[in-house]
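Here is a short report on one protein chain. Look at the sequence and the 3D view first, then read on.

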Amino acid sequence: MTSYDLIIRNGNIVSADSVQLGDIAIKDGKIQEVAYGRKIDGDALKEINAEGLHVFPGLIDSHVHFNEPGRAEWEGLETGSKSLAAGGATTFFDMPLNSTPPTINAENLALKKALADQKAVVNPRFWGGLVPENIKDLKGLHDNGVIGFKAFMSPSGIADFNHSDDETIFKGMKEIASFGSILAVHAESTVICEQLAEEKISQGKTSARDYVESRPIISEIEAVRRIISYSEATGCKLHVVHASSRKVVKIIEEAKQRGVNVTVETCPHYLALTVKDLEEKGGLAKCAPPLRDEDEVEELWAALANGEIDVIGSDHSPAPASMKTITDNFFEGWGGISGAQSTLNILLTEGYYKRNLPLEKIVKLTAENPAKRFGLSTKGKIATGYDADLAIVDLNESFTLHNEDLYYRHKHSPYVGMTFKGKVKNTLVNGEVVFENGKIIVDKVQ
Ligand SMILES: NC(=O)N[C@H]1NC(=O)NC1=O
Ligand SMILES: [Zn+2]
Ligand SMILES: [Zn+2]
């Protein structure tokens, strides 16, 4: 009589507070037992020998744009989720925009959910959108299970997803607070960014540096200060996405200390790339907020080490190569980085190896914290009763990322050419091996 579906033997099990040798037994998609320092008795249909390897809780990517339905020529739920699995991620929260129709009412959410059920190889979850037109639809989205709501404080770059003026944000936050959900914001100041861009363009200043200067850190700070005030006035929980600088993080830190219910995310690109990369790699490295200079990058790592940042999300926002090619005008071309497959690689190589960021902190930022913040009560931990969402990693294996290694619909990324130390060997989703020996081995999530 077989007692388990799968036993992972002798792995270094990484949690938010320790790295310990042990066995993990799995049945019916759940972790049945975690045994530290001893062998689990019983047998299983399959065993994985994880000797010399590290077992992480699968990453929860709180921020991706997979663009289906409606813009599958940019990315898709299949290619996007496969890239996550190849990078050790087991759950994603898809953003409401870049898909058409955007996820701004329950009907549109149902369309996206149905597609994800058919195509995703890791667990899908969805953000709803807050736009000036849909305050009345927020409750319906909430009742249908969205993680929370996403609003843009500055133009989104997408015609069918309007950014929210202050009136909309305030009204929306009151409504979202009434049913206890959370608002995630893209926080840049419309006034600052638009006027600076106009000035630059009218003077013919369109270099990478000009683009960066048109979206300065103070523009993020201004928007974050405003939205924190609105959170304090409405009682609405707040999550600031893609902070590019520790100066932004500091504002949030101060608010937390006053008791404001606010968290902050940053992205691998703000930790691994600088303005120099934007100058060298061109459109591939264009995003908003833009990449910053080296000293800002180091400060952001310090903030991570110091526990000032809650969550790392990839903000994977891809587009076809033709839209990422910039010859001389950096105000043109798509702002959005293809990176979902590389989050753990960056945290291990640039964080753990280069800057002594403990593995435990990586687990906190990529699994435990997002699970807690966004109410995924059975995810984010390797413990009895939790979903068996796992990434098994060889910390000693190095590789150079090539275009053909990417599972994206468009096989490009600013990380191509980088050499990483730490390679994902297996990814398990709900107890099922979805990625093994460098290959995706399932068609959809079980
Ligand atoms: N629409 C969209 O995906 N925008 C994203 N891209 C980016 O670089 N920042 C964003 O907010
Ligand atoms: Zn954004
Ligand atoms: Zn985004």
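## About the model

This is a predicted model: local features need pLDDT of at least 70, side-chain atom pairs count only at pLDDT 80 or more, and totals for chains, interfaces and linings use all residues. Residues are numbered from 1 along each chain as its sequence is written, while chains are lettered from A and ligands numbered from 1 in the order in which they are written.

## Overall fold

The protein chain has 13 helices and 18 strands (DSSP runs: H or I of at least four residues for helices, E of at least two for strands, numbered from the N terminus). Its radius of gyration is 21 Å, close to the 22 Å that the globule rule gives for 446 residues, so the chain is as compact as a globular protein of that length. That radius is taken over C-alpha atoms, and the rule is 2.2 Å times the number of residues to the power 0.38.

Buried residues make up 55% of the 446 residues. Buried means 20 or more other C-beta atoms within 10 Å of a residue's own; exposed means 12 or fewer, and partly exposed lies in between, with C-beta atoms placed from the backbone.

## Annotated site

UniProt, in an unreviewed entry, places the feature "binding site" at K150, H186 and H242. They span 93 residues in sequence, yet no two of their C-alpha atoms are more than 12.4 Å apart, so they gather at one spot. Such annotations may be inferred rather than shown by experiment.

K150 is found in strand 10 (residues 149-152). K150 is buried, with 29 other C-beta atoms within 10 Å. H186 lies in strand 11 (residues 182-186). H186 is also buried, with 23 such atoms within 10 Å.
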